[in-house]
Amino acid sequence: MSTPSIHRVAAEAKLLLIGIPVFLWTMLPIYHLFLFSISPKESAFSGRLWPDHPTLHNFAVVFGQKHYFLSHFWLQLWNSLVIAVAAGVITLFIATFAAFAISRLKVRGGRLIMNLALFTYFIPAAFLAVPMYRTMGLYGLLNNQWALILAMVTIAAPYSIWVLKQASDKLPYELDEAAVMDGASPMQLFRLVYLPLMMPSLVAVGTYALLLAWNEYLFAFLLLSKDTDVTLPVGLGNFLAADDSPWELLMTTGLIYALPPVAIYYAFKRYMVAGLTEGAVRG
């Protein structure tokens, strides 16, 4: 065996020695989530690697809303979907036009806008929860789903603008010059040149903003209070308020709630990797 082959095998062996434990450590909580979801209540804490009598009864209870903690399951799931999609679309709209204006049209103050956008991440999002609550109260948006949508846009937009701006900087400016010489207006340049070339990054940023809003708990807990308005993560928090929490139902609901992000990620994985990489590394 040649020396390069030996080095390659050694490198792959090192990766496996690191990758396998990391993979198992990552999958262990997910496996326990699944294990609880197919276990009867009386054997949920048995500590077995597989239940003696696996069942789908927990899923029937959740889907049928047959527990008082799950009386608004479908509505709260719908709330999560609406808020996540709205936050993703609005964030993508703002970030796309902002990145285009800063990168391609070279608007005055663009660098200042970028610096201010990145400066917002010096403050942890959790520290902004109370000021955000106060602000939404002043504008009369508390207990309104728009409060959570706007809060998520506020958190997601700066990073999205930065990613799209970096990706946009990589596009050849000769394309803009050629389009302008052919008589293209800024909007035609945006629609016919910019958008098609930026599609991977746009999908990645939109997916990032959607998943950020989908998984949000703190802001949803503070800004929404009605059981019919809250998202499902807040609804799941009700399980922890009882002395005898039905953990098997909590885990089942959590597993169901985790499936859409997994499906979205694998559907757009190619765009996510390509888009975020293009925006993160300058050429």
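1. Patches are built from residues that have over 30% relative accessible area and no salt bridge, with like charges joined within 9 Å and nonpolar side chains (Val, Leu, Ile, Met, Phe, Trp, Tyr) joined within 5 Å. Accessible areas come from the Shrake-Rupley method with a 1.4 Å probe, and for residues only the protein chains shown count as cover. Here, Leu16, Ile20, Phe23, Leu24, Met27 and Ile30 make up a nonpolar surface patch, with about 590 Å² of accessible area together.

2. A word on the model before you go on. It is predicted: local features need pLDDT of at least 70, side-chain atom pairs count only at pLDDT 80 or more, and totals for chains, interfaces and linings use all residues. Residues are numbered from 1 along each chain as its sequence is written, and side-chain values use heavy atoms, leaving out hydrogens and water.

3. Find leucine 16 in helix 1 (residues 3–37); helices are DSSP runs of H or I with at least four residues, numbered from the N terminus. Leucine 16 is exposed, at a relative accessible area of 52% (exposed means over 50%, buried under 20%, partly exposed in between, with a 1.4 Å probe and protein chains only).

4. Now look at the salt bridges (a side-chain nitrogen of Lys or Arg within 4 Å of a carboxyl oxygen of Asp or Glu). The structure has two of them. In one, aspartate 176 and arginine 104 meet through their side chains at 3.0 Å, N to O. Aspartate 176 belongs to helix 7 and arginine 104 to the loop between helix 3 (73–103) and helix 4 (110–119), so this pair ties together parts 72 residues apart in sequence. Both aspartate 176 and arginine 104 are buried.

5. Another salt bridge joins the side chains of aspartate 169 and lysine 165 (2.8 Å, N to O). Because they are four residues apart in helix 6 (residues 145–169), aspartate 169 and lysine 165 are separated by about one helical turn. Aspartate 169 counts as buried at 17% relative accessibility, and lysine 165 counts as buried at 15%.

6. How far does helix 12 reach from its first C-alpha to its last? Its 21 residues reach 31 Å, close to the 30 Å expected at 1.5 Å a residue; the expected span is 1.5 Å times one less than the number of residues. Buried residues of helix 12 include Glu248, Leu249, Tyr257 and Pro261.

Conventions:
Helices (H or I, at least four residues) and strands (E, at least two) are DSSP runs, numbered from the N terminus.
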